[in-house]
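Please keep the view below open while reading.

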Amino acid sequence: GGRDGAGGWPVWDGVAFVRSGPLAGGAFAFALAFVDYPASAPELCFVSDLFHPEVEETSGRVDPLPAGCKWDGSRHSALDVLKRVKAVVECSLEGARGSVRNADADSLAHDDPEAF
């Protein structure tokens, strides 16, 4: 659903239901805040706790695009950010080394994937 954020900008609330990967069967709530959209990417934040290299442990923030990608409002859309949500919850760690926000999760995911 949608709502207005503290600054009056639109916020989308969603839930990602995980079908594959180590988190299969899980459901993770997230929010997209459209602060200066489409000039800037929506801010992506997981509301549910998610132990993942790309998810900041305290805030749940995630880069809205994979590492190395820069937002271009004429080329990107909210759909690209939703695809990013899917990649994160399915634990697609491809490119994750460039956007690490949780070093402990990163070490575990790469050093001991079974435990991750």
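A residue is called buried when its relative accessible area is under 20%, exposed when it is over 50%, and partly exposed in between. The model discussed here is predicted, and in it Glu56 counts as partly exposed because its relative accessibility is 27%.

**The sheet and helix 1**

An open sheet is formed by 5 strands in the order 1-2-3-4-5, with antiparallel pairing. Its edges are strand 1 (2–4) and strand 5 (61–62), each of which pairs on one side only. Helix 1 (residues 78–89) packs on this sheet, where it touches strand 2, strand 3 (27–33), strand 4 (43–46) and strand 5, and its direction makes about 30° with that of strand 4. Strand 1 is joined to strand 2 (residues 10–17) by 3 bridges, and Asp4 stands opposite Pro10 in strand 2.

**The salt bridges**

The structure holds 5 salt bridges, among them the following.

| Residue pair | N to O distance |
|---|---|
| Glu54 and Arg84 | 2.4 Å |
| Arg101 and Glu56 | 3.1 Å |
| Glu90 and Lys86 | 3.4 Å |

The side chains of Glu54 and Arg84 meet in a salt bridge that links distant parts of the chain, since Glu54 lies in the loop between strand 4 and strand 5 and Arg84 lies in helix 1, 30 residues apart. Both Glu54 and Arg84 are buried.

Is Lys86 buried, partly exposed or exposed? Lys86 counts as partly exposed because its relative accessibility is 49%, and Glu90, its salt-bridge partner, also counts as partly exposed, at 24%. Finally, salt bridges that share partners join Glu56, Asp63 and Arg101 into one network.

Definitions and conventions. Residues numbered from 1 in each chain as written. Predicted model: local features only at pLDDT ≥ 70, side-chain atom pairs only at ≥ 80, totals over all residues. Heavy atoms only, no water. Pairing = 2+ DSSP bridges. Helix = DSSP H or I, 4+ residues; strand = E, 2+ residues; numbered from the N terminus. Contact = heavy atoms within 4.5 Å. Axes fitted to C-alpha atoms, helices over the stretch in contact; angles between N-to-C directions. Salt bridge = Lys/Arg side-chain N within 4 Å of Asp/Glu carboxyl O. Buried < 20%, exposed > 50% of the residue type's maximum accessible area, 1.4 Å probe, protein only.
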